[in-house]
Amino acid sequence: MDKFMQAAFDEAKKGLEEGGIPIGAVLVVNGEIKGRGYNQRVQKESAVLHAEIDCIEKAGRLTARDYKNSVLYTTLSPCDMCSGAALLYKIPKIVIGENINFKGAEDYLQSRGIEVEVLNDESCILQMKDFIKKNSALWNEDIGE
C-alpha cells in the first residue's frame, strides 16, 4: 500500500475506533496531503459526512489550480454524493482502495473525464467486509438502502 492510501486507511481506522464506518480519504495536491477525513455520519449524527466530504472540507479553500493538481485517495469506491464533489472541483484522479464490497459511481466519473484507479487492496477489502458483516444495518443506512 502506498503512503497516501495508507494515510486514507489510517483515517478509516479512526472512524472504526470511534464506532463509525471505516472509510477514509486524503486529498493530495502536488504530492502533499492537504486534507484528511473519515466517515463521521454516526459520530456527528450527520446525513452527509462521508470520508471524501470530510476530507475536502478539512482541506479548506483551495484554488482551481490546486484541485487540477490533486488526487483524491479513498479506501472505498465513492458514492454518488462524493463523486459529485470530485466532479464539482474537477479533481482529475481518484485512487480507490477497493470496490469489491461497494462499487460507486466509477463509470460515471470516468465518463466525465476523471481518471479512476482501483487498487483492490486486501487490507481495505477485509476491513470493509468485516465491518459490513458485523454492522449490516448501519452499512445499509450509509448507502441509502
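Guide: The dialogue below takes up strands, crossovers and a salt bridge in turn. This is a predicted model, in which local features need pLDDT of at least 70, side-chain atom pairs count only at pLDDT 80 or more, and totals for chains, interfaces and linings use all residues. Residues are numbered from 1 along each chain as its sequence is written, and side-chain values use heavy atoms, with hydrogens and water left out.

Visitor: In which sense do strand β3 and strand β4 pair?

Guide: Helices (H or I, at least four residues) and strands (E, at least two) are DSSP runs, numbered from the N terminus. Two strands pair if DSSP finds at least two bridges between them. Here β3 (residues 70–74) and β4 (residues 93–96) are parallel, with four bridges, and Val71 lies opposite Lys93 in β4.

Visitor: What is the hand of the crossover from β3 to β4?

Guide: With the strands pointing away from the viewer, a crossover is right-handed if the path from the first strand over the helix to the second runs clockwise. The β-α-β crossover from β3 to β4 passes through helix α4 (residues 80–88) and is right-handed.

Visitor: Which unit do β4, α5 and β5 make?

Guide: They make a right-handed β-α-β unit. Strands β4 and β5 run parallel, joined by four bridges, and Ile96 stands opposite Val118 in β5.

Visitor: How many salt bridges are there?

Guide: A salt bridge is a side-chain nitrogen of Lys or Arg within 4 Å of a carboxyl oxygen of Asp or Glu. The count is nine. Among them is Asp10 with Lys13, whose closest N and O atoms are 3.6 Å apart.

Visitor: Why are Asp10 and Lys13 separated by about one helical turn?

Guide: The reason is that Asp10 and Lys13 are three residues apart in helix α1 (residues 3–17).
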